[in-house]
Amino acid sequence: MQEMLKELKNFFSKQDSPFNIAIFRIVFFFFILIGLNKDQILHSSELPAELKFPPVGLHHLLDFIPINSDLAQTGISLFMFFCFLAMIGCFTRISSFLAAVCGLYVIGIPQFYGKVSHHHHLIWFMFIFSSCRCADVLSIDSIRKAFKEADQGIVSNNLKSNEYALPLRYIWLLMGVIYFFPGLWKIITSQLYWAFSDNMKYQLY
């Protein structure tokens, strides 16, 4: 037990370079920009209200959230704009937060019509970026900060720190949560039949 606690403490107290979280930020927002399915979002926004079938517990939410093609197009434009700013590291924390807020609306639209796609982790990660020092290097913010510090005679070293490692640790844990609970419910509901039955054959078909 002590060994387990020691490993857990080491996991959360590790130090890391600012480059790892910065590179992940750039790659993350880049793939969102090139992978966003705008056509699906716009198509869903034009569906009649009678086809809405929101996830359990979100029915009342639709009474307060207007969904139409004009709002969807505006949301997409704002979402991509803030994702681009976060990718290049311009007002990174604010941009990441606003991207998450816009993403809740934009990515959420297709989820209200019966088929839920699991994109929630994208929003989680954006909120993490909005609350950490992910733009201390490889960003416009870092260049602006360097000029400001140079005028004051300050030299920033950007040494390894727990502040750069901890956000990545939380992201790893959230990735584990994403896969753990679907797997757990698969075992609970179908036991081992999902692996040792005709299921695999039909999946291949």
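Predicted model: local features only at pLDDT ≥ 70, side-chain atom pairs only at ≥ 80, totals over all residues.
User: How much of the protein counts as buried?

Analyst: Buried residues come to 34% of the 205 residues. To get that label, a residue needs a relative accessible area under 20%.

User: What secondary structure does the protein have, and in what pattern?

Analyst: You'll find nine helices and zero strands. Going along the sequence, that reads α-α-α-α-α-α-α-α-α. The radius of gyration is 21 Å, well over the 17 Å from the globule rule for 205 residues, so the protein is more spread out than a compact globule. Its C-alpha trace spans about 65 × 55 × 35 Å along the principal axes.

User: What share of the contacts in the protein links residues 24 or more positions apart?

Analyst: Take the contacts with a separation of 6 or more: 83% of them are between residues 24 or more positions apart.

User: Let's look at α2. How do you know what length to expect for this helix?

Analyst: You take 1.5 Å times one less than the number of residues. Helix α2 runs over residues 18-35, so 18 residues, and the expected span is 26 Å. From first C-alpha to last, α2 reaches 26 Å, close to that expectation.

User: Which residues of α2 are buried, and why are they said to be on the same side?

Analyst: The buried ones are Pro18, Ile21, Ala22, Arg25, Phe28, Phe29, Ile32 and Leu33. They cover an arc of only 130° around the axis, which puts them on the same side of α2.

User: Why is aspartate 141 called buried?

Analyst: Its relative accessibility is 16%, and the label needs under 20%, so aspartate 141 counts as buried. Aspartate 141 is in helix α7 (residues 140-151). Leaving out residues up to four places away in sequence, aspartate 141 touches Gly89, Cys90, Phe91, Thr92 and Ala135.

User: And why is histidine 119 called partly exposed?

Analyst: Histidine 119 has 35% relative accessibility, which falls between the 20% and 50% cut-offs, so it is partly exposed. You'll find histidine 119 in the loop between α5 and α6. Not counting residues up to four places away in sequence, histidine 119 touches Ile107 and Gln111.

User: What makes the phi of leucine 138 worth a look?

Analyst: Phi is near 55° there, a positive value in a residue other than glycine. Leucine 138 is in the loop between α6 and α7. At 40% relative accessible area, leucine 138 is partly exposed.

User: What is phi like at glutamine 191, and where is that residue?

Analyst: Glutamine 191 has a positive phi of about 55°, although it is not a glycine. Glutamine 191 is in the loop between α8 and α9 (199-204).

How values were computed:
Residues numbered from 1 in each chain as written. Heavy atoms only, no water. Helix = DSSP H or I, 4+ residues; strand = E, 2+ residues; numbered from the N terminus. Buried < 20%, exposed > 50% of the residue type's maximum accessible area, 1.4 Å probe, protein only. Arc of directions from axis to C-beta. Contact = heavy atoms within 4.5 Å. Rg over C-alpha atoms; globule rule 2.2 N^0.38 Å.
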